[in-house]
Amino acid sequence: MPGPFAYIIWLVNILCEIAVVVCAFRKETLRRYFLLILYMVGLVASDIGRYKILAEYGLSSKQYQYFYYYSDSVVTIFLFFALSTLYSHVFSELNAESYVKMGTVLLLAGTALFTYSVVAQSSAKLVTNFVIQLSQNLYFVGLVLTYVLWGAILKLRETRTRLIQLVLSLGVYFSLIAANYAIRNLYPSLSTVFVPLVQVFATFLPLAWAYAFWRLPEEARLSPARLAVIPR
Amino acid sequence: MSKKLVVVLLVMLVLVGAMGLKTLVTAHADGLVMMAAGGAPAPPTPYKAGGAPAPPTPYRAGGAPAPPTPY
């Protein structure tokens with residue numbers, strides 16, 4: 001069973017996720033950022049389900065393993081759609097919403113197809129392997145998409161502070177998890193340090209989003225000069 | 001039509017970039033799975049039977065050229 005530190009971090013994480021939903025509701029931004037909030041609601045639901053199964057069956061049980069990785073996959077798909085919402089907001093002035101939707105569906109289908117073609121090589125536990133690998137691949141697609149979006153924000157001189165905060169925090173979160181994963185692979189002996197760190201990093205995103213919804217009004221603007229130096 | 005083709009091209013570029021990045025990051029992976037969503041403690045992956053440490057892959061031992069895969 002996990003230690004008290006893991007439980008405390010997990011509890012803080014759930015509270016931060018609930019805070020995002022509450023802040024978005026209080027600031028009346030539910031409709032505007034619906035898919036982001038849906039992602040947070042999905043996280044809360046999966047965390048509650050995970051806790052219930054963990055308490056009943058234990059960390060190494062098949063029930064917890066399957067529920068953990070299948071729910072992770074579903075929530076990562078929610079995150080992927082949440083990211084597409086951010087794209088829609090950034091490109092809203094270009095009337096490119098239909099293209100963003102088309103790109104989102106194509107990318108999801110392409111990632112699923114690629115994952116299946118790789119996983120189909122091994123016949124053992126095909127569905128489970130597919131679900132886990134799809135989640136991993138979507139994660140890396142999300143990482144690249146976030147950096148591309150940040151480039152677009154700089155290029156288009158986006159000034160909406162809340163939107164910038166949402167995108168930047170997502171970029172930092174993706175980068176932290178990817179760096180942690182790479183270090184764990186390079187130095188497996190350090191896993192005891194870096195595996196618990198994933199839980200700490202997981203609290204960063206809901207915390208940053210809760211701050212963005214609570215403290216930054218929709219009308220707040222940043223001057224472009226504070227984002228990037230553009231030569232004249 | 002050309003805008004739709006640009007979207008398709010961008011999608012393919014992102015997919016190639018993401019999978020390239022994944023290959024780079026998981027170059028030394030031995031079955032580790034990245035836990036991304038939520039703060040719950042991660043269990044071992046279900047498709048890894050048993051808790052024994054993974055042995056080195058057979059095709060890395062020695063300097064002989066690798067044979068074609070049986071399938």
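## Meeting chains A and B

In this predicted model, 33 residues of chain B are in contact with 55 residues of chain A, where contact means that two C-beta atoms, placed from the backbone, lie within 7 Å. By class, the side of chain B that touches chain A has 24 nonpolar, 6 polar and 3 charged residues. Here Ala, Val, Leu, Ile, Met, Phe, Trp, Tyr, Cys and Pro count as nonpolar, Asp, Glu, Lys and Arg as charged, and the others, Gly among them, as polar. The model scores ipTM 0.77 and pTM 0.84.

Some reading notes come first. Residues are numbered from 1 along each chain as its sequence is written, while chains are lettered from A and ligands numbered from 1 in the order in which they are written. As this is a predicted model, local features need pLDDT of at least 70 and side-chain atom pairs count only at pLDDT 80 or more, whereas totals for chains, interfaces and linings use all residues.

**Chain B**

- Chain B has 1 helix and 0 strands; helices (H or I, at least four residues) and strands (E, at least two) are DSSP runs, numbered from the N terminus.
- Of the 71 residues in chain B, 25% are buried. A residue is buried if 20 or more other C-beta atoms lie within 10 Å of its own, exposed if 12 or fewer, and partly exposed in between, with C-beta atoms placed from the backbone.
- Mean pLDDT, the predictor's confidence in each residue from 0 to 100, is 68 for chain B, and 45% of its residues reach 70 or more.
- Residues 49–63 of chain B have pLDDT below 50, and beyond near neighbours in sequence this stretch has 4 contacts in the model. Where pLDDT is low, the predicted coordinates should not be read in detail.
- Pro43(B) sits in the segment after helix H1 (2–25) of chain B, and it is buried because 23 other C-beta atoms lie within 10 Å.
- Leaving aside neighbours within four places in sequence, Pro43(B) is in contact with Leu59(A), Ser60(A), Tyr64(A), Gln65(A) and Tyr68(A).

**The nonpolar core**

- A nonpolar core is a set of buried Ala, Val, Leu, Ile, Met, Phe, Trp, Tyr and Cys residues joined through C-beta atoms within 7 Å. The largest one has 66 residues, and Val20(A), Val141(A), Val167(A) and Val14(B) touch the most other members.
- Not counting residues up to four places away in sequence, Val167(A) touches Leu86(A), Thr146(A), Leu149(A), Trp150(A) and Ile153(A).

**Helices H6 and H8 of chain A**

- Helix H6 (residues 161–186) and helix H8 (residues 204–215) of chain A have axes that come within 9 Å and cross at roughly 175°. These axes are lines fitted to C-alpha atoms, for helices over the stretch in contact, and angles run from 0 to 180 degrees between N-to-C directions.
- That crossing makes H6(A) roughly antiparallel to H8(A), since angles over 145 degrees count as roughly antiparallel, under 35 as roughly parallel, 65 to 115 as roughly perpendicular and the rest as oblique.
- Among the residues making the contact are Leu166(A), Leu170(A) and Tyr173(A) of H6(A), along with Phe204(A) and Trp209(A) of H8(A).
- By class, this contact of H6(A) with H8(A) has 10 nonpolar, 2 polar and 1 charged residues.

**Two buried residues of chain A**

- Arg162(A) is found in helix H6 of chain A and counts as buried because it has 24 C-beta neighbours inside 10 Å.
- The C-alpha atoms of Arg162(A) and Phe213(A) are separated by 7.3 Å, although the two are 51 residues apart along the chain.
- Not counting residues up to four places away in sequence, Arg162(A) touches Ala212(A), Leu216(A), Glu218(A) and Ala220(A).
- Leu138(A) belongs to helix H5 (residues 126–155) of chain A and is counted as buried, with 24 C-beta neighbours inside 10 Å.
- Beyond its neighbours within four places in sequence, Leu138(A) is in contact with Thr76(A), Ile77(A), Phe80(A) and Thr111(A).

**Two loop residues of chain A**

- Glu28(A) is not a glycine, yet it has a positive phi of about 55°. Its place is in the loop between helix H1 (4–26) and helix H2 (34–57) of chain A, and it counts as exposed with 9 C-beta neighbours inside 10 Å.
- Asn95(A), also not a glycine, has a positive phi of about 50°. Asn95(A) is in the loop between helix H3 (62–90) and helix H4 (97–119) of chain A, and with 8 C-beta neighbours inside 10 Å it counts as exposed.
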